[in-house]
Amino acid sequence: MSDSPAARLQQLFEGHRLTPTQRRIAHCMVRRAADAPFLSSVELAELAGVSQPSVTRFAVALGFDGYPALRKHLREVAPAAGSGAADTYNEYQQAVQAEIENLRHLAELLADPSAVERAGRLLAASPALPVLGLRAASSQARGFAYFAAKVHPDVRLLDEGGTMLADRIDASVRAGATALLCFALPRHPREVIEALAYAQSAGLTVVTVADSAFAPVAKHSDVLIPAAVGTGLAFDTACAPMLLGRVLIEAMCDDLPDAQARLEEFDARASARGLFAE
């Protein structure tokens, strides 16, 4: 596994049953992984938007005597501050390097492809496939839907919220949908969490691409595959979630027997129409 601060934190949190408040703290620590070993309990509480006693209970839930013991552990496993090229990177290069690390961690996660393969089977088997992504995640959902529609017969993009969202989920269910794919990125809209809960109540299996296994959508996800976002710029960057979306399409194609035929048909029609400049 990667030795990045975020990867070490993910490994520390895995296997623990955390409350929603504790997942919020874990999510905050993953996003601020490099700083986590040096934050006081008060600072961490402020960053996560929780109380200081909640941070203490979180540390105890992980098996430590308290937050000082957790912070001591994080400092002991943190690599020594290095020198060299990384010290000379400007802020733009640092953002790129952080995304490279996110992609490296995703590659290591995919060394066990079972979750992606299961997700691909679920998505391929759904006669209608709703793809949900609101606000920051709308571009990820739209990109997935654009390519998935070339191999899946009925892809339904849900990239606008409002009172019609539940209606569109209902329409997908009536069309035979058995699964819903969600892209969930920070900041997580409350409406997405509510939509996933509604989708599950309607009988859909929810597959989620989220920035962390401890994201607020985890409670309403049957299969959640994490892909970290970059936080070094004014707005988050999402190279890893985008790539994971393409990986899911590949896995879905493996379970769609006519995927190749659909692609060849599209290419033939595109050529006949002169659709692309060659």
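Which residue's side chain does a polar contact join to that of Ser 41?

## Ser 41 and its surroundings

In this predicted model, a polar contact of 3.0 Å joins the side chain of Ser 41 to that of Gln 52. Ser 41 belongs to helix H3, which covers residues 41-48, and Ser 41 counts as buried because its relative accessible area of 15% falls under the 20% cut-off.

## Aromatic pairs

A search of the whole structure finds 5 aromatic pairs. One of them brings together Phe 144 and Phe 183, whose ring centres lie 5.9 Å apart and whose planes meet at 55°, so that the pair is classed as tilted. Phe 144 lies in helix H9 (residues 138-148) and Phe 183 in strand S3 (residues 179-184), so this pair ties together parts that are 39 residues apart in sequence.

Phe 144 is buried, with a relative accessible area of 0%, and Phe 183 is likewise buried, with a value of 1%. Elsewhere, ring pairs link Phe 13, Phe 58 and Phe 214 into a cluster.

## Lys 150 over two rings

The charged end of Lys 150 sits over the ring of Tyr 146, at 3.9 Å from the centre of that ring. The charged end of Lys 150 also sits over the ring of Phe 266, in this case 4.4 Å from the ring centre.

Technical notes. Residues numbered from 1 in each chain as written. Predicted model: local features only at pLDDT ≥ 70, side-chain atom pairs only at ≥ 80, totals over all residues. Heavy atoms only, no water. Helix = DSSP H or I, 4+ residues; strand = E, 2+ residues; numbered from the N terminus. Buried < 20%, exposed > 50% of the residue type's maximum accessible area, 1.4 Å probe, protein only. Polar contact = N/O pair within 3.5 Å; in protein donor to acceptor, adjacent residues only side chain to side chain. Phe/Tyr/Trp six-rings, centres within 6.5 Å; stacked < 30°, edge-to-face > 60°. Lys NZ or Arg CZ within 6 Å of the ring centre and 35° of its normal.
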